[in-house]
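Colleague: I've got a model open on my screen and I'd like to learn how to read it. Could you walk me through some features?

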Amino acid sequence: MSVISITRPTNVYDDEPSDIEMSDVEESGELKKESAGESIVTPGELVTDDPVWMKGHGTYFLHDQTYSSVAGSVSRVNRLLSVIPLRGRYQAETGDHVVGRITEVGPKRWKVDIGCKQDAVLMLGSVNLPGGVLRRKSESDELQMRNFLKEGDLLNAEVQSIFSNGSASLHTRSLKYGKLRNGIFLKVPSSLVVKSKNHSYNLPGNVSVIVGVNGYVWLSKSKQGASSTTSATTNKAQAAFDSSSSGYNPGQGSVSITRLEEESSWEIYSDKNESISNSVRHTITRYYNVIKALAFGELGITEQRIIMGYEASLAYEDVGSLIDKEAMESICQDVINSEKMRG
Amino acid sequence: MGKDIDISTNQEHFVREALKLGIRTDGRSLLESRKPIISLSPDLYGFVEIEWGLTKLAVRISAEILQPYEDRPFEGLFTINTEISPMASPHFENGKNTDDEVLISRLIEKAIRRSNALDLESLCIVAGSKVWSIRADIHFLNFDGGLIDSACLGVMTALQHFKKPDISVNGEDIIIHSLDERQPVALSILHVPICVSFSFFNPGAVEENIKGDLNEEISIIDCTQQEELLRDGTLVITINKNRELIQISKSGGLPIDATMLMDLSSRALLIAEELTDMVKDLLKKDEQERYKKLNLKMLQAENSR
Amino acid sequence: MELYSPEGLRIDGRRWNELRKFECRINTHPNSSDGSSFIEQGNTKVICMVQGPMEPVLRSQSNPNQANIEISITIANFSTTERKKRLKNEKRLVELKATLERTFEQSVMCKLYPRTVIQVNIHVLAQDGGLLAGITNAITLGLIDAGIAMYDYVSSISAGLYDTTPLLDLNTLEENDMSTLTIGVIGKSEKLALLLLEDKMPLDRLESVLAIGIAGGHRIRDLMDEEVRRHGNLRLSKVNV
């Protein structure tokens, strides 16, 4: 039985608001061809009826036929056939550097929202407590868990393992992980974060950023900032650190562990912000808006691009004007152009 | 529904395996309905008890004279009260409407009230000021599946059985004659809707159901509580003897093939015919018996004079 | 008022087997939800936003075996010509909600997301017939946009019967005057996930109404698929830049 239907002609889509990306697709002609080659599949579509393929994520099968269960692109790794969805919640993988927020303090564990399908777990045993690595966790530690991390606290951590039900287990057993302060939080789609070796960068302007693989971003004042406004507490920590590195005998382990033991004082669980100068605050907001703009333009977020975006944004004196759509678009365009210039 | 009733995995497995072989735990075949026992009250009009397997319910029809709605001055009022109390089964909570309860009451409402089974215009006494208001109260006494089927049958039987007292209109005044004074009048019923619920079970994997072309889905009629808790999907067809579909409701659940739907609806028609005739016979018998009794009473009255 | 003229034209000038203008967009609210969609089926307009799968707020919402789908429907007061306050727990809405939840529990691969909840928020902006159908289509697109695994599309359409002619995709005027059958079809199959008939229809006509409904559902699926592909390819091209 036939059905008549009327739709708008497809070229109407060309004057969509996000046409900035459209135009730039046309410019990079060869890339477009490439992407057109591997078109996407949609739910219920037959991907293959060849029985040699192993069925991975995003697929289901009946007899020999493999169907897609999500809209996305087909990925073939050796014999494993899977469909990677275009969008979707962040899926934790072991080794990912993530930023999270404590949602619940439970028996011997914290629940952490990392933008996953389920909250991740941070066991009391997988954090560094004041007093060094070799310290055993006692019952009193269990009682004062809220003094270390409480609901709403932000932290960065590494995914230690994935449980069979899909939820993640985190750890903060390194100096670079732990509670976050001195900055602001920002969320971008996790699909935009490009995975790399390192996810925390020191940016020009005395600002550090942690771009969590889960799309949670933390912008803060740099730690070893040589600015004149370092507080007394940091000075003390710095002093303690200096004395230890000179006085401690190597041989017990690597340098990082010795530092760990000394710096793992209550200091790392402090809630107090250091004093942050106005100029640093301004720079932080500028970076904040730059990352927002990159996310708006759906560009992958890398250290390079953040810095390039920052440079491009300097054309706008007022940080607040960066939230205009035109400003965001032009920043994205600048980033793409300068990337092209570098090749 | 079954908030506190859990069926063990073992038992679930057993029921499903048996269904695959075409056997149900109570020995019926897949498309065999339990036989409802309808008992009419010998002295009251419009009081009916239905026993459908272990499911048991009572329906009482009552009538009073009220003012009609302003926008519908020529129509009488008809309400169906379908509150399920914990009496039926401990997992119905008092005053708390779960989704299932809402679905049940909506279905009965649609099957009987919205389909105009009761002629509302015949209930009008004085346009705009006085109409009959008919109220059906369903009391669920015990629950073993098939609430919709039995409630619908109960209400329809009771409506056909009910007689409202005769009245005479004198200008604005209305005289209601007692049952002894004048013969009461039956309601005007336009058609008799019968609900038939089917339950579906998926014998294989979900993938087979969605993509395969075996169409092996098992459908059963009139399931018990246990089967109701385990089923993968349900379909309620309301149909009358005149080959009119009154409503079809398949609120989600296991997808079924269109040909299966056609098959099931013609099956529903057979059941509807059977039940309508059964109710008709029963009412006729009841009528005769009442007539006999009445005659006897009249004779007795004469004798005592 | 003539609903179907002898020349074979309907009140809005369509033929019996003609759909109304069907427009859909996905990813309309990329920042406020995991998946979102907007559909226009004639003058019926529905926004759908999907959150999740995510950690349930209440323990009682979590099921150790599969995801829970929760649908909430908000019908704007201005969606019909008559403005009236609608109660959230109106029986009709509760029925609609339960029907949709049960439909999508079967077509979403809930088993993949244990202990989570998928929250679907529906906002009906304008109503002109085919409400259930519109909402169903919007949810399908929203779930696909959220990257939630589904067995296949669920596409839905209403069909009615005028005298002996089946009519496809009814608007309000037609819906008020004839019996309406809303069906939800799984993908390109003839499997029915959803069926709702609320008024009388002769048994012998059911088949013809079903047939046009299924055909209409398949067409809707194609239109939705087109949009998903358009959006997907656009997205892919951006990622590859």
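**A loop residue, the chains and their contacts**

Modeller: Let's start with Ser251(B), which sits in the loop between strand E14 (244-250) and strand E15 (256-257) of chain B. Helices (H or I, at least four residues) and strands (E, at least two) are DSSP runs, numbered from the N terminus. This is a predicted model, so local features need pLDDT of at least 70 and side-chain atom pairs count only at pLDDT 80 or more, while totals for chains, interfaces and linings use all residues. Residues are numbered from 1 along each chain as its sequence is written, and chains are lettered from A and ligands numbered from 1 in the order in which they are written.

Colleague: Is Ser251(B) buried or exposed?

Modeller: The idea is to count neighbours: a residue is buried if 20 or more other C-beta atoms, placed from the backbone, lie within 10 Å of its own, exposed if 12 or fewer, and partly exposed in between. Ser251(B) has 24 other C-beta atoms within 10 Å, so this residue is buried.

Colleague: Which residues does Ser251(B) touch?

Modeller: Two residues are in contact if their C-beta atoms, placed from the backbone, lie within 7 Å. Leaving out residues up to four places away in sequence, Ser251(B) touches Leu103(B), Ala98(C), Thr99(C) and Arg102(C). Leu103(B) is 148 residues away along the chain, yet the two C-alpha atoms are separated by 9.1 Å.

Colleague: How about chain C: what is its pattern along the sequence?

Modeller: Chain C has four helices and ten strands, in the order β-β-β-β-α-β-α-β-β-α-β-β-β-α. Its radius of gyration (taken over C-alpha atoms) is 18 Å, close to the 18 Å from the globule rule for 241 residues, so chain C is as compact as a globular protein of that length. That rule is 2.2 Å times the number of residues to the power 0.38. Buried residues make up 60% of chain C. Of its contacts with a separation of 6 or more, 70% come from residues 24 or more positions apart.

Colleague: And how many helices and strands are in chain A?

Modeller: Chain A has nine helices and 16 strands. Buried residues make up 34% of its 343 residues.

Colleague: How do I read a pair of packed helices?

Modeller: Two packed helices are described by the angle between their axes and the distance between the axes. Here, axes are lines fitted to C-alpha atoms, for helices over the stretch in contact, and angles run from 0 to 180 degrees between N-to-C directions. Helix H7 (residues 278-296) and helix H9 (residues 325-342) of chain A pack at about 80°, with axes 9 Å apart. That makes H7(A) roughly perpendicular to H9(A) (65 to 115 degrees; under 35 is roughly parallel, over 145 roughly antiparallel, the rest oblique). Val290(A), Ala293(A), Leu294(A) and Phe296(A) of H7(A) meet Met328(A), Ile331(A) and Cys332(A) of H9(A).

Colleague: How many residues does chain C bring to its contact with chain A?

Modeller: The contact takes 46 residues from chain C and 38 residues from chain A. On the chain C side, H4(C) gives the most, with 17 residues. By class, that side has 21 nonpolar, ten polar and 15 charged residues. Ala, Val, Leu, Ile, Met, Phe, Trp, Tyr, Cys and Pro count as nonpolar, Asp, Glu, Lys and Arg as charged, and the others, Gly among them, as polar.

Colleague: How many residues of chain B are in contact with chain A?

Modeller: Four residues of chain B are in contact with four of chain A.
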